Amino acid sequence: MPDTPAAPVARPTPTASGALSAEDGKLVVLARGARARVGAVEGAAVRDQDGRTYAAASVALPSLTLTALQLAVASAVAAGASRLEAAVVVTEASTLDGAGHAAVRDLAADAPVHVAAPDGTVLGTVTE
């Protein structure tokens with residue numbers, strides 16, 4: 001997914017093995033499933049203030065391009081979420097795309113965004 005100039009790529013800080021909570025681990029599973037279901041470049045999942053989860057895959061159409069994280073955040077907002085507790089992106093990239101990062105920050109300045117490899121290994125976390 002292309003990055004927007006206004007939203008630079010974020011580099012995750014390495015996460016200690018096993019450092020994710022059970023709830024954040026669930027987000028990894030949901031994001032992997034969303035990605036695998038359609039063979040997408042990315043999968044993402046977010047958890048809102050009420051503990052509800054939303055999963056999505058990246059969209060690349062001639063008239064519409066969304067990162068998985070943008071779509072997961074949009075789904076949460078469309079369902080009435082006003083705050084996010086955490087997010088996960090499953091991708092082959094080693095960085096978090098700027099557009100997805102910005103979408104999460106629109107709802108939560110401090111929610112961790114975990115970046116995981118396609119096999120579910122967490123590569124790191126963006127907290128800023």
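Here is a walk through this predicted model, from its hairpin to its cores and salt bridges. Local features need pLDDT of at least 70 and side-chain atom pairs count only at pLDDT 80 or more, while totals for chains, interfaces and linings use all residues. Residues are numbered from 1 along each chain as its sequence is written, and side-chain values use heavy atoms, with hydrogens and water left out.

Let's start with the hairpin. Helices (H or I, at least four residues) and strands (E, at least two) are DSSP runs numbered from the N terminus. Strands S1 and S2 run antiparallel and are joined by 5 bridges; strands pair here if DSSP finds at least two bridges between them. The two form a hairpin with 4 residues between them, and glycine 51 in the turn has a positive phi of about 85°.

Alanine 55 sits in S2, which covers residues 53-57, and alanine 45 stands opposite it. Contact means heavy atoms within 4.5 Å, and alanine 55 touches Leu30, Ala34, Ala44 and Ala45, leaving aside residues up to four places away in sequence. Its C-alpha atom is 9.1 Å from that of arginine 32, 23 residues apart along the chain. Alanine 55 is partly exposed, at 35% relative accessible area; buried means under 20%, exposed over 50%, and partly exposed in between (1.4 Å probe, protein chains only).

Now for the inside. In soluble globular proteins, nonpolar side chains tend to be buried together. A nonpolar core here is a set of buried Ala, Val, Leu, Ile, Met, Phe, Trp, Tyr and Cys residues joined through side-chain atoms within 4.5 Å. The largest one has 22 residues, and those with the most contacts inside it include Val46, Leu69 and Val73. Elements giving two or more residues to this core include strand S1 (43-48), helix H2 (68-78), strand S5 (84-90) and helix H3 (98-107). H2 supplies the largest share, 5 residues. Valine 46 has contacts with, among others, Leu27, Tyr54, Leu69, Val73 and Leu84, again not counting residues up to four places away in sequence. A second, separate core has 8 residues, among them Ala31, Ala45, Val88 and Ala116.

What about a polar side chain that ends up inside? Histidine 114, in strand S6 (residues 113-116), is buried, with a relative accessible area of 5%. Its side chain makes a polar contact with the side chain of threonine 125 at 2.8 Å. A polar contact is a pair of N or O atoms within 3.5 Å; within protein, one must be able to donate a hydrogen and the other to accept it, and residues adjacent in sequence count only if both atoms are side-chain atoms.

Finally, the charges. A salt bridge puts a side-chain nitrogen of Lys or Arg within 4 Å of a carboxyl oxygen of Asp or Glu, and the count comes to 6. In one of these, glutamate 92 pairs with arginine 35, the closest N and O atoms being 3.1 Å apart. Glutamate 92 lies in the loop between S5 and H3 and arginine 35 in helix H1 (residues 22-38), 57 residues apart. Glutamate 92 is exposed at 66%, whereas arginine 35 counts as buried at 16%.

Aspartate 110 and arginine 83 also meet in a salt bridge (3.2 Å, N to O). Aspartate 110 lies in the loop between H3 and S6 and arginine 83 in the loop between H2 and S5, so the pair ties together parts 27 residues apart in sequence. Salt bridges that share partners also join Asp24, Arg47 and Glu85 into one network.
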